[in-house]
Amino acid sequence: MHKLLMVVRREYLERIRKRSFWFGTLLFPLLMVGLVVVQIFLADMETVKQQRVALVDSTGKLAPAFVAKLAGDKTGDGKPAYLVEVVPIEGDLERTRAKLEPRVLSGDLFGILTIGTELESDANYRFYAQSVGNIFAQKALERALKDAVVGLRLEQSHLNLTAEQLDKLMGPVDMESFEIKAQGEAKKRGFSEAYFGTFAFVMILYMSLLLYGVAVMRGILEEKSNRIIEVLLGSLTPDQLMTGKILGIGFVGLTQIVIYAAT
């Protein structure tokens with residue numbers, strides 16, 4: 001037992017005293033936070049630049065409502081995020097769209113939104129762009145288009161509603177969430193708090209298992225390559241050596257997790 005504890009102590013102290021351990025312990029949370037900050041920064045960059053969108057409306061009725069709904073999206077400096085250019089149909093819808101494609105390729109237009117005459121058709125609404133990777137812009141256009149189509153549907157159903165009344169009817173409903181504790185208390189907690197807290201814990205646990213699982217393997221290979229293992233096995237059994245290494249390096253990983261939990 002004493003020999004086993006000596007191996008555990010050696011493996012633990014050898015790694016805990018290295019600068020690389022403390023550097024990695026500090027760097028990993030910063031890396032995770034950095035990834036989140038970069039994603040938020042990239043999302044904000046999407047709203048800084050104004051996007052010019054061409055709208056080809058076969059119905060002739062959706063364009064005003066679509067432009068009005070989209071006017072609420074602003075860039076960081078307060079300017080309209082989207083400049084909508086309503087293009088009249090020349091010939092047919094596809095021919096008009098084809099004439100606009102060179103402007104998309106040249107960068108003059110961010111994209112082309114076409115609306116057919118069949119409001120209920122799945123293929124009635126189409127968006128053409130040089131790259132469809134900007135999910136934020138597509139969601140904004142889709143949201144404004146949905147509101148405009150809902151308004152036209154209500155108009156065709158002969159419901160006499162103003163735009164303000166329609167916005168009030170279609171307004172979102174905010175629902176607060178609470179967690180019930182065993183002590184009988186209900187604590188207010190949102191989805192984002194629960195999600196990011198669980199995500200951070202799982203990432204730390206996963207990376208710890210991955211890194212320190214590899215560390216155990218490297219610890220064995222290191223001594224084997226240096227032929228130290230032949231000397232160690234003269235005073236230790238293979239089981240004692242392996243158990244000591246697993247426990248020693250495992251305690252290093254637990255130390256790192258304790259540091260994260262304490263902070």
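1. Exposed means over 50% relative accessible area, buried under 20%, and partly exposed in between. By that cut-off E120, at 57% relative accessibility, counts as exposed. The model discussed here is predicted.

2. E120 forms a salt bridge with R153, and the closest N and O atoms of the pair are 3.2 Å apart. E120 sits in the loop between β3 (111-115) and β4 (125-129), while R153 belongs to helix α5 (residues 135-156), so this pair ties together parts that are 33 residues apart in sequence. R153 has a relative accessibility of 37% and therefore counts as partly exposed.

3. Salt bridges that share partners also join R52, E85, R103 and D108 into one network. Within it, the side chains of R103 and D108 meet at 2.7 Å, N to O. R103 is partly exposed, with a relative accessible area of 24%; D108, at 39% relative accessibility, is partly exposed as well.

4. The structure holds 9 salt bridges. One of them is between the side chains of K99 and E90, at 3.0 Å from N to O. E90 is partly exposed, its relative accessibility being 44%.

5. Helix α3 (residues 62-70) has L62, A63, F66 and L70 as buried residues. These residues cover an arc of only 95° around the axis, which puts them on the same side of α3.

6. What lies over the buried residues of α3? The cover includes the strands β1 (51-57), β2 (82-86), β3 and β4, together with helix α5.

7. Q256 is a residue of helix α9 (residues 238-262). Is Q256 buried or exposed? Its relative accessible area is 7%, so Q256 is buried, the cut-off being under 20%. Leaving aside residues up to four places away in sequence, Q256 touches F21, G24, T25, S208 and Y212.

8. For checking against the model, the side-chain pairs given above are E120 with R153, R103 with D108, and K99 with E90. For burial, the places to look are the side of α3 with L62, A63, F66 and L70, and Q256 in α9.

Conventions
Residues are numbered from 1 along each chain as its sequence is written. This is a predicted model: local features need pLDDT of at least 70, side-chain atom pairs count only at pLDDT 80 or more; totals for chains, interfaces and linings use all residues. Side-chain values use heavy atoms; hydrogens and water are left out. Helices (H or I, at least four residues) and strands (E, at least two) are DSSP runs, numbered from the N terminus. Buried means under 20% relative accessible area, exposed over 50%, partly exposed in between (1.4 Å probe, protein chains only). Contact means heavy atoms within 4.5 Å. A salt bridge is a side-chain nitrogen of Lys or Arg within 4 Å of a carboxyl oxygen of Asp or Glu. The arc is that of the directions from the helix axis to the C-beta atoms.
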